[in-house]
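Dear colleague,

Please find below the structure that I am handing over to you. My notes on what was found in it follow directly after.

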Amino acid sequence: MDDAFGNGPSGSLPRAVALLRALAASGGEGARLTHAAQTAGLTPASAHRLLRMLIDEGMVEQDARSKYYRLSIEFFSLAARAGNPSNLRDICRPVLLRLSAALGDTVFLLVRSGYDAVCLDRCEGPVPIRSFTNDVGGKVILGVGQGSMAILAHLPEAEREEVIRFNLPRLLHFGLFDEVFFRNEIERVRKSGFAARGSGLLPDMAGVAVPILDRERRPLAAISIGTTLERLNAERLPTVVQVLRREAEALAPKINPFDAALRRPGLQAGSY
C-alpha cells in the first residue's frame, strides 16, 4: 500500500500535483472543491482528502468566507526560493540605469502593495524633480502618479474595482480626484497602454509610465519617468513611450512571477 504521497502511478503524489496545477490554473481567487476535483480528474472525496493534506503541509489554504481553495503564500515562497535566484530589483536595475542615461531623466520602478504602490528602485537624472514616492521605499496611493496609475489601470477588473472602491475616499482631499475623473483616467490609460497626463499636484512636474505585464497581461510592476513639463512635451512623448515599452516588454520574461516583491497585493484594508 502506498503511503500518503506514494510514488506509484496510483499513489497520491501525482494526484496532489494535479490538484496544485488545477489551483494554479484557477488564478488568485482559487477554486471550489468540485471545480478543482473535476480539473484534476479526481472524485470530490479524493480531492477533499488531498486538499486537507496539502493544507496541513502549508501548500494550500482555504478562504473562510468563500470556501475556495487556493495556493498558499508558503507555496509561492517555496517556489521563489527554488526559482529564479535574481530578484526584481536586480533584474530591473540595469534597465533603469540605461534609461536614465539615455533619456536624461529620473527613472522609477514601482510595484503594487495592497491599495498602494511602492517605489522599489530609482535612478536619478541630471534634472532635479519632485515625486510622489520621494525615495526608494516611498509609498503612494494606487492611481496617484503615472507609475501607480499604470499598475492600477491594468489590474483585472475585479481587483481594479476593489481598489477604486477603497481608494476613492482616500483621494478626496486631493480635490481633483473625484470618481468621474478617476474612472475616465483609468480607462484612458487602459486604452493607450501608458500613463502620461500630469495631475497638477506637483507644479511644473510631469511623467510617463508603462506597466510591465506578464503573459496573462497582468501588471508585474511599472517603469516611470519623472521629469519637467518642459522636457516632456508633445513632440518628445511618443519617443519616450516607445523606449519605455521596448524595455518593459524585454523585462517581462526575465521576471520571476514568484518574486517576493510581487506577492504583496493581498494586504487587507485593515493594514492601513
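Arg112 belongs to strand 3, which spans residues 106–113; strands here are DSSP runs of type E with at least two residues, helices are runs of H or I with at least four, and both are numbered from the N terminus. This is a predicted model, in which local features need pLDDT of at least 70 and side-chain atom pairs count only at pLDDT 80 or more, while totals for chains, interfaces and linings use all residues. Residues are numbered from 1 along each chain as its sequence is written, and side-chain values use heavy atoms, with hydrogens and water left out.

Arg112 counts as buried because its relative accessibility is 12%; buried means under 20% relative accessible area, exposed over 50%, and partly exposed in between, with a 1.4 Å probe and protein chains only. Its side chain makes a polar contact with the side chain of Glu159 at 2.7 Å, and also reaches the backbone oxygen of Gly114 at 2.8 Å. A polar contact is a pair of N or O atoms within 3.5 Å; within protein, one must be able to donate a hydrogen and the other to accept it, and residues adjacent in sequence count only if both atoms are side-chain atoms. Arg112 and Leu220 stand 108 residues apart in sequence, yet their C-alpha atoms are 8.1 Å apart.

Strand 7 runs antiparallel to strand 3, and five bridges join the two; strands pair if DSSP finds at least two bridges between them. Within this pairing, Phe108 has Ser224 as its bridge partner in strand 7. Five residues lie between the strands in the hairpin of strand 6 and strand 7, where Arg217 takes a positive phi near 70°.

The remaining notes concern helix 8. The buried residues of helix 8 are Phe182, Glu185, Ile186 and Val189. They lie on the same side of helix 8 because they cover an arc of only 100° around the axis, the arc being that of the directions from the helix axis to the C-beta atoms. The face turned away from the buried side of helix 8 carries the exposed residues Val180, Asn184 and Lys191. At the N-terminal end, Asp178 caps helix 8, with a side-chain oxygen 3.3 Å from the backbone nitrogen of Val180. Just after helix 8, Gly193 takes a positive phi of about 85°.

With kind regards
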